[in-house]
Every structure is written in structure tokens, then in C-alpha cells.
Amino acid sequence: MRKSSSYFLHGLAVAVCVTALGAGWQWMDDVESSSPTSDTTFLTSAESAVGGLNVPSQAAPPAMRFEVLVRRPEGPPKIELITNDPLGRTTSVACSTCHSIRQPNRDNRSPEMLDEFHQGMQFDHGRLACYACHNPEDSDSLHGADGTVIAFSDVMILCSQCHSSQAIAFEHGAHGGMNGFWDLTRGPQTKNNCIDCHDPHAPRYPKMIVGFKPRDRFLERDKPHATHN
Amino acid sequence: MRDLSTNEIDIRSHLTSYPRFLGRSLWLATEGSLGFYAWMTMLTALFLVGTNAWAHQVAGGMISTNMTDQVSWGLYIANFTFMVGLAAGGVMMVIPAYLYHDRKMHDVVIIGELLAVAAIVMCLMFVVADLGRPDRFWHLIPGIGKFNFPLSMLTWDVIVLNGYLLINLHICGYLLYTRFLGRTPNPIWYLPFVMLSIGWAISIHTVTAFLYCGLGGRPFWNSALLAPRFLASAFVSGPAFIIVTLLLMRRLTHVTGLDSPIATLTKIIRVTILINLLMVASELFTEFYTGGSHASAAKYLFFGIHGKTALVPWTWTAIVLNVAATGLFLWKGVLRENRRLLLAIACAMAFTGTWIEKGMGLIIPGFIPSTLHEIVEYVPSQLEWKVTIGIWAAGLMVFTIAIKAALPTLNDGRFQSMDQVA
Amino acid sequence: MQPTTDSPANRSLPVIENVTRRAVVKGAFATLGAAAFVAAASPIRNAAKSTTADEFLQQHYQELSVADKRAVIARLEAETKQKYGADVEIGDDRPIPGTKFVYAINLSVCNGNGKCVEACHKENNHDRSTHQSYIRVIEMPKGTLDMEQGSTTYTGTVPKDDKFYLPVQCQQCDEPPCVDVCPVQATWKEADGIVVVDYNWCIGCRYCEAACPYHARRFNWKQPEIPAEEINPNQSYLSNRIRPAGVVEKCTYCLHRTRRGQLPACLEACPTGARVFGNILDESSNIRWILENKRVYILKEELGTKPAFFYYFD
């Protein structure tokens with residue numbers, strides 16, 4: 001065997017030994033120091049009060065459960081008039097102010113056909129007639145498809161009868177967003193009702209204008225006039 | 001005949017003679033002609049400019065570079081990648097000298113090893129220049145910091161690069177020190193390390209390639225061919241640089257016997273430059289024949305996309321240089337005595353072509369388009385150029401000093417063969 | 001310095017004349033060079049004045065004792081007060097046992113308005129001038145999921161008729177490439193699924209930024225600049241405290257909120273209600289219902305990163 005080959009084997013042996021030693025040492029180091037569950041027990045709930053902020057790492061007992069608060073309309077809409085009454089008080093008009101003294105006209109199917117009030121109202125909600133939702137017997141309430149009277153504050157029931165998939169999604173927090181806590185043992189959650197975002201007469205969610213964009217170096221933003229159609 | 005004085009080594013004498021050796025080497029390294037002083041002064045000035053630029057970068061943040069969250073690695077890492085190849089290429093002298101007992105190469109193989117030292121020093125400087133928090137360098141030290149070995153390829157890179165530096169420092173240091181003492185080097189103290197350095201040189205560039213090719217989110221890099229491509233271009237750029245060094249040494253020093261190593265290295269480049277071209281062609285075919293969004297980076301590099309073409313002239317220049325250099329190297333006349341200038345030009349073309357292709361032409365397109373397919377271009381800032389040139393100047397200084405210190409061992413007309421027992 | 005004694009073995013070394021004068025000249029130039037080097041590097045000294053020994057020597061977050069953490073946080077709060085003029089409270093929020101956070105977005109509802117981007121910017125104390133945020137929204141043409149055809153630079157009125165919008169942020173992957181590649185273990189995945197960064201350990205090499213397939217990581221190219229009145233004072237060590245220059249950061253699912261039971265800021269800000277967040281280990285959670293009832297998909301599934309972020313059309 002030539003001497004250079006034996007030196008080569010020497011060198012190889014040195015390399016293998018060094019690598020094995022280093023890998024073994026590092027493996028031992030890893031086994032000691034890394035552990036996915038070790039950090040959750042690092043701080044007990046008593047010890048995690050750092051910087052004046054008490055952050056309990058244990059959940060409160062399940063009995064303490066906060067609510068999911070859904071906002072509701074207060075009642076039938078009232079329109080404030082510009083003028084005051086003769087005594088100087090602010091006046092407002094409810095639906096029943098006019099509609100309690102008139103017969104409902106079921107032939108009116110769109111705002112264009114109304115000639116005395118509600119002009120200029122935008123309506124874009126399929127081919128629904130007014131009295132499909134509004135209660136002809138009591139203008140301060142709504143009614144469902146089977147005639148059940150639905151109060152304005154329960155308007156979500158009315159929307160749900162046709163938009164059941166959105167209603168189910170809403171129940172599961174998948175429609176309409178929320179504020180507050182995901183963990184109801186620590187705080188409440190607030191959700192909007194349907195008409196907080198959707199105008200019942202033109203419910204399509206309005207377009208918005210992009211307000212905030214990252215300002216990157218060397219990346220030009222599109223010009224604002226570039227609107228596609 | 002064999003001056004094996006292992007049993008007579010007096011440790012106390014080493015304590016005095018080693019510092020003298022260092023002092024003498026330093027003295028030799030600062031002796032030279034006016035041209036030499038001009039060269040070193042220029043390099044010092046460039047290095048100081050680079051140092052100042054880097055200091056500004058550390059103080060003010062890396063906002064003074066032109067890197068962005070989309071293109072988060074730039075000129076520094078491009079040069080780092082290339083320099084690892086240059087360091088690995090030094091081993092191209094070691095293989096013929098030690099494995100194939102090329103006597104003539106044997107005499108000058110230390111030049112390749114010294115190039116490896118200078119190149120690795122540059123690599124380490126480029127990495128430090130690229131760090132956002134260089135003061136936290138100690139976090140990398142195993143035992144003191146946290147070293148994510150073996151998961152992170154960067155930790156492998158730290159190990160292999162520093163190891164390669166130590167191996168070559170030991171080999172060169174041992175050989176020069178024994179020459180200083182007038183003794184014949186004892187093979188047991190350097191031959192195993194030389195053999196180790198051959199495999200280790202392959203490993204440094206393979207590990208550096210693995211840094212990139214393991215990232216699934218970067219399809220331009222995520223190719224099995226990346227590590228072989230790195231090695232092929234390393235074995236072009238390394239020998240090319242050494243040939244130019246040897247040609248300069250023929251002109252500027254009294255060293256003789258350089259023609260055979262030059263010829264050997266040229267013949268090596270003839271093979272490796274062809275392999276390099278073949279691998280580039282293979283990558284191009286795979287990208288452009290398949291097409292699709294994974295080929296966007298290659299499209300950007302060669303043709304530009306959406307009107308962004310900053311790298312297109314660079315990459316075509318690299319292609320032209322590489323092809324022209326290949327033609328020159330393959331021509332048998334390039335080895336003729338009166339064609340030395342042509343050889344130097346061929347080497348410069350190969351070196352520059354490889355620098356572009358493996359530096360900017362590899363790192364930047366990996367980021368363009370970004371992972372969200374944004375196209376943010378990258379042109380290095382003036383500060384980045386200053387730091388880069390400063391580090392190149394430092395590397396050339398280290399190399400010059402090292403060669404200067406090693407010259408006496410090469411000057412000896414009756415240079416005794418290292419491998420007396422073969 | 002005396003010339004070396006010439007033994008026969010040393011004959012190869014050159015003899016040098018005028019050693020003393022040359023030595024003085026060389027020494028003078030060497031001193032000049034050293035002085036020039038110190039001068040060239042002087043900006044670092046000015047920068048070093050603002051750091052402390054404590055900060056330099058601080059250990060990795062996972063090695064800190066409770067007392068260490070208290071001291072570190074007190075120091076950070078004092079530094080914030082000094083640098084930014086704001087009183088902040090930095091907590092140390094640990095994962096809630098039995099949680100794994102998952103996020104989902106309904107792409108039929110998202111209209112690309114960018115309020116989530118802005119909320120993240122404010123909640124996480126990002127640099128103001130760059131409008132930095134962890135969320136980027138891609139405007140995609142309908143009919144394709146290929147991001148190559150998308151654009152992040154859209155503005156104007158949204159939604160455009162032929163487009164849908166894809167917000168992308170950190171996916172908190174179950175097999176995160178960023179964690180594998182960090183050389184100093186400055187980033188790791190915690191028990192509730194959030195991948196976090198110790199900003200005082202990160203060395204700023206940006207390997208994680210190269211490795212992330214979702215452009216989730218951000219680097220602090222400079223010190224963030226935020227007016228004192230805009231700073232969100234409810235902070236946490238691993239999430240939205242003001243980060244120093246030269247370190248990497250990322251979305252933490254607002255762990256300073258979510259580990260206290262609150263919803264993340266991006267979800268609260270979304271006006272269309274496209275975002276859903278919760279604990280996947282809770283059978284009654286909203287996110288569980290999404291994953292069980294909607295046809296969800298993930299981005300770049302072929303990369304095997306196993307994101308904890310899902311998208312669906314409704």
C-alpha cells in the first residue's frame with residue numbers, strides 16, 4: 001500500500017472522528033435544551049405576573065363564561081324632521097305616523113311607483129316587494145313569509161329566512177366579524193347584526209377605497225386612476 | 001538523510017523561534033519594490049474606505065444598503081458565495097501535487113493553499129458585513145451561544161469554513177515554519193491534513209450550495225444541480241486566479257519552475273469550464289422548456305419580466321465571457337510561451353464570467369420574483385460597493401502578504417521534495 | 001532587531017541591511033495604519049455607546065429565569081421610555097395550555113380594503129414611514145390561484161369586478177422552514193403553534209427571510225420611528241414591543257392579545273368579517289366549524305410547510 005493512501009485514510013479517519021464527536025455533542029445538547037412543552041411550564045400563573053401585568057396561563061373555570069353580545073336595532077326607524085313643532089320640540093316621524101291612517105297599497109312594487117314619500121330611496125334587493133318584508137297590518141314591525149310578526153329589533157330572523165347559509169355562518173362566527181375575545185372565559189364578544197353592515201333596501205356591501213398600503217422601496221404602487229371594470 | 005527530529009523538539013525553543021518566524025514573515029511581507037508598496041498602499045486605502053462604510057452601516061442600520069424585504073441578500077452574500085468557490089478551487093493544485101505526485105506542481109502548491117486562506121478570510125468578512133447585528137456574533141459559538149446544528153445549513157457552513165481555514169493555516173504555517181527552522185517537514189504533521197483538505201474543499205462549496213438548494217420557497221435555487229454547478233465553477237475560478245497569480249510571479253519574482261503548474265492548471269480548466277457550461281445549459285433547458293411560474297426567476301434573469309431588466313445585460317455578459325473563455329482554453333495555442341497574455345485574458349474572462357454568474361446572477365434572481373411574486377429589483381448601493389471593494393482589498397492584502405512570506409521557500413532552487421518517502 | 005545568525009540551514013533566508021532604520025519607518029507606517037483604521041471604524045464606537053453590557057450579554061429567552069426576564073423587561077421598558085418617550089407595559093405572555101391557534105379567511109368576502117394591514121401596522125408598533133405591516137394583500141384575477149398573475153400594488157376602489165383578494169401573513173407553519181434554518185435558534189415554534197422570534201437573540205443574518213415561502217418575515221433595516229402618542233403600550237416580549245434595528249420580526253397572531261383571550265387586531269379591524277380565528281383544539285370553536293364545513297385550502301401546499309392558515313371560498 002502506498003504511503004499516500006495510508007495518509008489519506010489517516011485524514012479520513014480524523015474527519016470521521018471529529019464529525020461523530022461534534023454531532024454527538026450537539027445531539028446531547030439538543031436533547032437537553034429543546035422540548036416543545038418545556039416553555040409552557042416555564043412560568044407558572046403566579047410567576048407570570050411580570051411588568052405589572054398579570055397574565056394567567058391557566059384558563060378560568062368553565063363556569064365563568066362571558067356572552068356573545070349581538071347588537072340589535074332599538075326599534076322601528078324614526079326619521080328626525082328638520083323643523084320643530086310649534087312648541088319648539090324636535091319632531092320625528094315613525095312609520096305608523098303616516099301608515100296607520102292609510103290603506104296599504106300592495107300594487108306598489110318599487111320605489112319609483114311611490115309618489116308621496118320615500119322618493120329617492122335606493123332599492124336593489126332582488127325582486128322583493130315592499131310588503132314581502134314590511135308588515136302591512138302594523139308598519140312598525142316586519143313579518144316573515146308565513147305571516148309571523150317580527151319586531152324590528154329581531155330583524156335578523158327576517159334576513160335569516162332567505163339567507164340561511166349566512167345566518168348559520170354568523171352563528172359560527174364566520175360571517176360579519178366580531179370584536180372582543182375569542183376565549184369567552186376571559187371576556188365577551190360583540191357582533192354586529194345584519195343591518196349594521198347591509199342596508200336592507202340595498203344590501204350589497206359597498207365598495208371601499210384602499211386607504212393604507214405598504215410603502216416599499218423600489219416597488220411602485222399602481223396609479224390610483226387605474227380602475228378596472 | 002531524513003531529518004526526523006521529532007524526538008529532539010525542544011518546546012522551549014519553539015516558544016522563542018515561533019515568534020521570530022512570525023516576525024520574520026511579517027518583515028518579509030513588508031519588503032519590496034516601489035510597485036509593491038504602491039500596491040499595498042492602494043489596498044490599504046481601499047480597505048479603510050470599506051471599513052468606514054461598514055462602520056456607517058453598523059451605526060445607521062442596513063437601510064444604507066439597497067436590500068429590501070423582497071431581496072434580502074445582495075452583494076455581500078453574492079461575493080461570499082463566489083469566494084467560497086475560490087477557496088475550494090485552491091484544492092485543484094493539491095490534487096495533482098499530492099494524489100498524482102506531480103513534482104513540479106508540488107513545489108508551488110502552497111500558493112493554492114494560501115489562496116484558500118485569503119479567500120476564506122474574505123468569506124468570513126463578507127458574512128460579518130451582511131449581519132444585521134455583528135455584535136451578536138457570539139450567539140453562534142457552540143456552548144456559549146445556541147448553535148442550531150445539524151438542522152441549520154448555516155451552522156454546517158460555519159463549521160466547514162472555519163475548519164478549512166484552520167486546516168490550510170496549519171498546513172501553510174507548518175511548512176513555512178519548518179522551512180524557517182531549516183528542517184524538512186515531517187509528513188505526519190501535514191500530509192493527513194492535506195488529504196483532509198481535498199475532501200474538505202469539496203464540502204465547503206457543497207454545504208454553501210445546500211444553504212440555497214434546500215429552500216423550497218425559492219424555486220430558482222431548489223435544484224439538485226446547484227451543488228455540482230457550484231463545484232464546477234469553483235474549479236474554473238480557482239485555477240484561473242492561480243494561473244494569473246503564477247503569471248504575475250513569473251514576471252515579478254525570481255521563482256522558477258512555474259510553467260508546468262500553469263500548463264497543468266490550464267488543462268484542468270479545459271475540462272471544468274466545459275462541465276460548467278454544460279450545467280448552465282442543463283439549468284436553462286429545465287427552466288425554459290418547462291415554463292410556468294417557477295421559471296419566472298430565470299425569465300427575469302435572461303429576458304426580464306414586466307419591463308424589469310436590470311440583470312439582463314449582466315447575465316448575457318457572463319454568458320459571452322464564459323463561452324469566449326471556453327473557446328480560448330480549448331484552443332491548443334493558449335499554452336504556448338508567447339501566448340501568456342492571451343492565457344491571462346482567458347483566465348480573467350473565465351473569472352469575471354463566473355463571478356457574475358455565481359454571484360449576482362445566482363443570489364439576486366433567487367429573490368426575484370419574491371415569494372408573493374412581487375418584482376422588486378436590486379442594484380447595490382454605493383455603500384455596499386465600498387464595503388465589498390474594501391473586503392476584496394483586505395483579501396488581496398492577505399494573499400500578497402502570504403505569498404511574500406512564502407517566497408523564500410519557493411526561491412530555493414534546490415527545493416527539497418516534501419514527499420521523500422514515497 | 002538583529003539579523004539572524006547564519007547557520008547552513010538558514011542560508012535560504014535573505015540578509016537584510018539597515019534593519020533599524022527600516023524598522024522605524026515600518027513601525028511608523030504601521031502605527032499610522034492602525035490610527036487610520038480606528039478613525040475609519042469610529043462610527044461604530046458612537047453606535048456602541050447606546051448599548052449596555054446587560055443587553056450584550058443577555059442570554060436566549062428560553063434560558064432566562066423568571067427574575068432574569070423581569071430585569072430584561074424592566075430594562076426594555078426603560079429604554080422605550082428613553083428612546084421614544086412613551087410608557088409601555090411589556091408582558092411575558094406564555095401559551096395557554098390546550099390551545100393551538102388557527103386562522104382562516106373567506107376569500108369570497110375579502111374585498112382587499114387593507115384595514116387589516118393598517119391595524120397590524122398600528123397594533124405592532126411598526127415603523128411609520130414605511131407603512132410596515134405583517135400582512136400583504138394580493139389582488140388576484142378570478143379564475144386562477146397562481147400568484148404570478150397577482151399584484152400587491154393595487155389601489156383605488158375595491159373590489160374590482162374581475163378580481164379577488166388574498167391577504168397573506170405568517171402562516172405559523174407546523175413545519176416551518178424558518179425555524180430549521182436559523183443558525184442560533186432565535187426563532188422557534190411554541191406550544192400554541194405560534195412561531196416566535198427572540199429579538200434580543202437574532203443576529204440578523206436573514207436566512208429565515210430567504211427560507212420563508214410566504215414573505216412573512218420582515219427585517220428592521222433601521223430603527224423603527226414611531227411618535228410617542230401612536231405607540232401601542234400593551235406589549236409583549238415576543239411580539240409587539242418596539243424592535244431594535246438589525247433583527248428579524250414577524251406576525252405573532254398578536255400573541256399579546258390572543259394569549260390573553262382577545263381577538264387579533266387584523267380580525268377586529270376587518271370591516272367585511274372575512275377573518276376567523278380560534279383554538280382548533282376546542283371542538284366548539286368557530287375555526288373548527290370552518291375547517292369541518294368549508295372547503296379550505298392552504299398556500300403552496302406542495303412545499304410541505306403545513307400552515308395553520310386556511311383559505312376558502314363561500
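These legends accompany close-up views of a predicted model. Local features need pLDDT of at least 70 and side-chain atom pairs pLDDT 80 or more, while totals for chains, interfaces and linings use all residues. Side-chain values rest on heavy atoms, without hydrogens or water.

**View 1. The largest nonpolar core, with B:I204 and B:Y212.** A nonpolar core is a set of buried Ala, Val, Leu, Ile, Met, Phe, Trp, Tyr and Cys residues joined through side-chain atoms within 4.5 Å; buried means under 20% relative accessible area, exposed over 50%, and partly exposed in between (1.4 Å probe, protein chains only). Among the 232 residues here, B:I204 and B:Y212 touch the most other members.

**View 2. The surroundings of B:Y212.** Beyond its neighbours within four places in sequence, B:Y212 is in contact (heavy atoms within 4.5 Å) with residues including B:W73, B:I77, B:F80 and B:W221.

**View 3. The aromatic pair B:Y18 and B:F21.** Rings of Phe, Tyr and Trp (its six-membered ring) pair if their centres lie within 6.5 Å; planes under 30 degrees apart count as stacked, over 60 as edge-to-face and the rest as tilted. This pair is tilted, at 5.5 Å centre to centre and 50° between the planes. B:Y18 is partly exposed at 37% relative accessible area, whereas B:F21 is buried at 6%.

**View 4. Charges over the rings of B:F36 and C:Y237.** A charge sits over a ring if NZ of Lys or CZ of Arg is within 6 Å of the ring centre and within 35 degrees of the ring normal. The charged end of B:K404 lies 4.5 Å from the ring centre of B:F36, and that of C:R241 lies 4.1 Å from the ring centre of C:Y237.

Note on methods
Residues numbered from 1 in each chain as written. Chains lettered and ligands numbered in written order.
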